[in-house]
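Here's a quick briefing to read alongside the model. Have a look at the fold first, then work through the points below.

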Amino acid sequence: LCVQRFKHDKTKKFFLYHPNHCSAFKAELALSLDVICHLVDDRVFESYMRDLFSCAEKYVIIYSSNTDKNPLLRLPHVKNREFSKWIEVNLPQWKLVKRVKNKYPNHFSDFFIYRKVKNPS
């Protein structure tokens, strides 16, 4: 949809994530929209997170739930994760600059905007 909508805008490019091709792409902004909760394997989650942030030069925006709480009747293809703690520990050069709460009360995901900082503290 984005490729089609912005096809005449040469300032934008869109790529689908593939683990073996991520190192070839660099952009000012990397987006992750409703992906993290579907990464049920811990190794896949860690690889994806490292790739996501390594593709971004300045910003990363994540749309996801940010909790480790998983209902007892959860689906096999869903695993909620408190990804913000993982980022703090593993990628200290990235800081959360804004959280945009979801305006729909039945949705658990919010937007999390991260910015790369020069001197993490």
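Predicted model: local features only at pLDDT ≥ 70, side-chain atom pairs only at ≥ 80, totals over all residues.

Residues are numbered from 1 along each chain as its sequence is written, and side-chain values use heavy atoms, leaving out hydrogens and water.

**Strands 1 and 2**
- Leucine 29 sits in strand 1; helices (H or I, at least four residues) and strands (E, at least two) are DSSP runs, numbered from the N terminus.
- Strand 1 (residues 27-33) runs parallel to strand 2 (residues 56-64), and six bridges join them; strands pair if DSSP finds at least two bridges between them.
- Alanine 30 has valine 60 in strand 2 as its bridge partner.

**An aromatic cluster**
- Ring pairs link Phe53, Trp94 and Tyr114 into a cluster; rings of Phe, Tyr and Trp (its six-membered ring) pair if their centres lie within 6.5 Å, with planes under 30 degrees apart counting as stacked, over 60 as edge-to-face and the rest as tilted.
- By this rule there are six aromatic pairs, among them phenylalanine 53 with tryptophan 94, edge-to-face at 5.1 Å centre to centre and 70° between the planes.
- Phenylalanine 53 lies in helix 2 and tryptophan 94 in strand 3 (residues 94-100), so their pair ties together parts 41 residues apart in sequence.
- Both phenylalanine 53 and tryptophan 94 are buried.

Key
Buried < 20%, exposed > 50% of the residue type's maximum accessible area, 1.4 Å probe, protein only.
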